[in-house]
Structure formats: C-alpha cells, structure tokens
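Colleague: I am new to this model and would like to go through it by question and answer. Could you show it first?

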Amino acid sequence: MPTHSETRQLPYTAQEMYDLVGDVAKYPQFLPWCAAARIRRTFAAGAAEVMEADLVISFKVFREKFGSRVTLWPTDLVIDTEYLDGPFKFLKSQWKFTDRPEGGCDVAFFVDFEFKNVVLQKVIGVVFNEAMQRIVKAFENRAAALYGTRT
C-alpha cells in the first residue's frame with residue numbers, strides 16, 4: 001500500500017493554491033497521466049463543498065477511470081479526497097494549505113491507496129515516489145503559469 005506525504009513551501013498564497021488544487025476539471029491540462037476529468041455533481045454539505053468527479057488515468061498500457069468524492073473545506077483551506085469506484089481497493093488523500101507569516105504558504109499533501117489489480121500495483125510501486133514528486137511538481141508549475149513566478 002503506497003503512501004506519500006510531503007510539505008512544500010511555495011511563494012503563493014494558501015488561497016491561490018487551494019483554488020488551483022480544487023479545480024479538478026482542469027487537471028487534464030497539466031497533471032501527468034491525467035487523460036480526462038468529469039465532474040459528476042457538486043453539492044453543499046454544511047461548511048464543505050463536495051464534488052464527485054471521475055478522472056481517467058493513463059499510464060503506459062494502463063488506462064483506468066475512477067470516481068472520487070472531493071470535499072473542499074474553504075474556511076480551513078483543506079481538500080479531502082476519498083475513493084468512490086474504479087480500480088482501487090481504497091484511496092484517500094488530503095491537501096492542506098497554510099499561509100506563512102513571511103509570505104507564501106505551506107502545502108501539505110498526503111495520499112494512501114492500493115489498486116485492486118496486483119500487476120498495476122506492482123508497476124506503480126516501482127515508480128511511485130517519482131510519480132508523486134512529478135504530480136506535486138505539476139501543481140507547482142501550474143501555480144507559476146497561473147500566478148507568475150515568485151520568489
């Protein structure tokens with residue numbers, strides 16, 4: 001069961017990064033291996049905004065669609081994702097965005113998942129850490145494209 005956790009200091013505001021990560025429909029424009037995204041529905045749930053979405057992930061010979069429930073907590077600047085359906089046994093992730101007093105923000109990311117398909121699990125296991133680093137870097141690059149390069 002691969003898990004990945006990291007925190008990055010970025011020169012953008014927590015709100016900017018929260019908005020970027022929460023815009024799931026645009027993931028195919030910049031996220032590696034994300035071939036398509038479709039928002040099934042959105043609804044309010046108390047203080048949270050909930051989005052159910054399908055992503056199509058294409059990696060080498062594998063092409064899989066999975067559904068997830070993305071819960072956006074705008075007051076806390078937290079985004080939680082949980083698995084609905086598709087090729088995983090389970091999937092959970094969380095993004096947390098915190099402004100830094102000196103400017104910029106901390107972006108904390110955590111993901112834990114396991115594929116149902118043992119072959120796919122073994123393939124991703126070999127490149128998992130590199131893949132997670134590429135995904136986080138893709139969000140950083142997207143921030144620079146949207147908000148400009150900052151130091």
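**Rings, fold and buried residues**

Colleague: Which residues do ring pairs link into a cluster?

Modeller: This is a predicted model, where local features need pLDDT of at least 70, side-chain atom pairs count only at pLDDT 80 or more, and totals for chains, interfaces and linings use all residues. Residues are numbered from 1 along each chain as its sequence is written, and side-chain values use heavy atoms, with hydrogens and water left out. Rings of Phe, Tyr and Trp (its six-membered ring) pair if their centres lie within 6.5 Å; planes under 30 degrees apart count as stacked, over 60 as edge-to-face and the rest as tilted. The cluster linked by ring pairs consists of Y18, Y27, F30, W95, F97, F109 and F139.

Colleague: How many aromatic pairs does this rule give?

Modeller: A pair of aromatic rings is described by the distance of the centres and the angle of the planes. Under the rule for the centres, the number of aromatic pairs is eleven.

Colleague: What kind of pair do the rings of Y18 and F97 form, and how many residues apart in sequence are the parts it ties together?

Modeller: The ring centres of Y18 and F97 are 6.1 Å apart and the planes stand at 85°, so the pair is edge-to-face. Helices (H or I, at least four residues) and strands (E, at least two) are DSSP runs, numbered from the N terminus.

Colleague: Are Y18 and F97 buried or exposed?

Modeller: Buried means under 20% relative accessible area, exposed over 50%, and partly exposed in between (1.4 Å probe, protein chains only). On that scale Y18 and F97 are both buried.

Colleague: What kind of pair do the rings of F66 and F88 form?

Modeller: The pair links distant parts of the chain, with F66 in strand β4 and F88 in strand β6, 22 residues apart. Both residues, F66 and F88, are buried. Their ring centres lie 5.1 Å apart with the planes at 85°, so the pair is edge-to-face.

Colleague: How many of the nine residues of helix α1 are buried?

Modeller: Helix α1 covers residues 14–22 and is mostly covered. Its buried residues are A14, E16, M17, Y18, L20, V21 and G22. Of the nine residues in α1, the buried ones number seven.

Colleague: What pattern does the protein chain follow along the sequence?

Modeller: The protein chain has two helices and seven strands. Read in sequence order, they give the pattern β-α-β-β-β-β-β-β-α.

Colleague: What is the radius of gyration of the protein chain?

Modeller: The protein chain has two helices and seven strands. The radius of gyration is taken over C-alpha atoms, and the globule rule is 2.2 Å times the number of residues to the power 0.38. For 151 residues that rule gives 15 Å, and the protein chain is close to this value, so it is as compact as a globular protein of that length, with a radius of gyration of 15 Å.

Colleague: What percentage of the 151 residues of the protein chain count as buried?

Modeller: The C-alpha trace spans about 45 × 35 × 25 Å along its principal axes. Of the 151 residues, the buried share is 44%.

Colleague: Which residues is S68 in contact with, leaving aside neighbours within four places in sequence?

Modeller: S68 lies in strand β4, residues 62–73, and is buried at a relative accessible area of 5%. Contact means heavy atoms within 4.5 Å. With neighbours within four places in sequence set aside, the contacts of S68 are M51, E52, A53, T81, E82, Y83 and L84.

Colleague: Which residues does S93 touch, not counting those up to four places away in sequence?

Modeller: S93 sits in strand β6, residues 88–99, and is buried with a relative accessible area of 12%. Not counting residues up to four places away in sequence, S93 touches I79, D80, T81, F109, F110 and V111.

Colleague: How far apart in space are V136 and P32, C-alpha to C-alpha?

Modeller: V136 is part of helix α2, residues 118–147, and counts as buried at 5% relative accessibility. Residues up to four places away in sequence aside, V136 touches E6, R8 and F109. In sequence V136 and P32 are 104 residues apart, while their C-alpha to C-alpha distance is 9.9 Å.
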